[in-house]
Amino acid sequence: MEPMEARVAMLQDLKIQSFDTIRFASYRTACKLRYVQKSTNLHLVDIWNVIEAFRENGLNTLEPQNEVSVSRLETLVSSLYHNLNKRLPPTQQVHVDSKASLLLNWLLAAYSGDNSGKIRVFSIKVALPI
């Protein structure tokens, strides 16, 4: 499935789930974030994996307001999933390319407001451990 098709499919599935019928905004947001988390397999990633991916890609030394390019973000996300697959048994391996592209698309849609293709380090730190 192409990255754009996967994102459209996820958005359509979000509508099918009827999260918008949840009355309280905080609960509605939590349900949507949990759905994104499960769709991208972030629920399998712990905080130590995120910290390690930041260290491997040199993002731990950047200031929170610095911006990261799409290519660097793509490398970070791919290394996150590759490290996850090292921990998982062979029967539970995550398809790195599709999940990384889905997560990358979601991060760009959610945090690159001006469509510049860059995201602040702080935004990445907030988004990945969801």
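A crossing is called right-handed if the near helix is turned clockwise from the far one by less than a right angle, and left-handed if anticlockwise. Helices here are DSSP runs (H or I, at least four residues), numbered from the N terminus. The model is predicted, so local features need pLDDT of at least 70 and side-chain atom pairs count only at pLDDT 80 or more, while totals for chains, interfaces and linings use all residues. Residues are numbered from 1 along each chain as its sequence is written, and side-chain values use heavy atoms, with hydrogens and water left out.

**First stop: H3 and H4**

Select residues 47-56, helix H3, together with residues 70-87, helix H4. Their axes (lines fitted to C-alpha atoms over the stretch in contact) come within 9 Å and cross at roughly 130 degrees; angles run from 0 to 180 degrees between N-to-C directions. H3 and H4 are therefore oblique to each other, a class left over once angles under 35 degrees (roughly parallel), over 145 (roughly antiparallel) and 65 to 115 (roughly perpendicular) are set apart. The crossing of H3 past H4 is right-handed. Next, display the side chains in contact (heavy atoms within 4.5 Å): H3 contributes Asn49, Val50, Ala53, Phe54 and Glu56, and H4 contributes Leu76, Ser79, Leu80, Asn83 and Arg87.

**Second stop: H4 and H5**

The axes of H4 and H5 come within 9 Å and cross at roughly 135 degrees, which makes H4 oblique to H5. This crossing, too, is right-handed. On the H4 side, select Val70, Leu73, Glu74, Val77, Ser78, Tyr81, His82 and Asn85; they meet Val96, Lys99, Ala100, Leu103, Leu104, Leu107 and Leu108 of H5.

**Third stop: the core**

A nonpolar core is a set of buried Ala, Val, Leu, Ile, Met, Phe, Trp, Tyr and Cys residues joined through side-chain atoms within 4.5 Å. The largest one has 33 residues, and Leu73, Tyr81, Leu107 and Leu128 have the most contacts inside it. H5 supplies the largest share, 8 residues. Centre the view on leucine 128: beyond its neighbours within four places in sequence, this residue contacts Leu42, Val50, Phe54, Leu76, Leu80, Leu103 and Leu107.

**Last stop: serine 39**

Move to serine 39, in helix H2. Is this residue buried or exposed? Serine 39 counts as buried, at 14% relative accessibility; buried means under 20% relative accessible area, exposed over 50%, and partly exposed in between (1.4 Å probe, protein chains only). Leaving out residues up to four places away in sequence, serine 39 touches Met10, Lys99 and Leu102.

Notes:
Helices (H or I, at least four residues) and strands (E, at least two) are DSSP runs, numbered from the N terminus.
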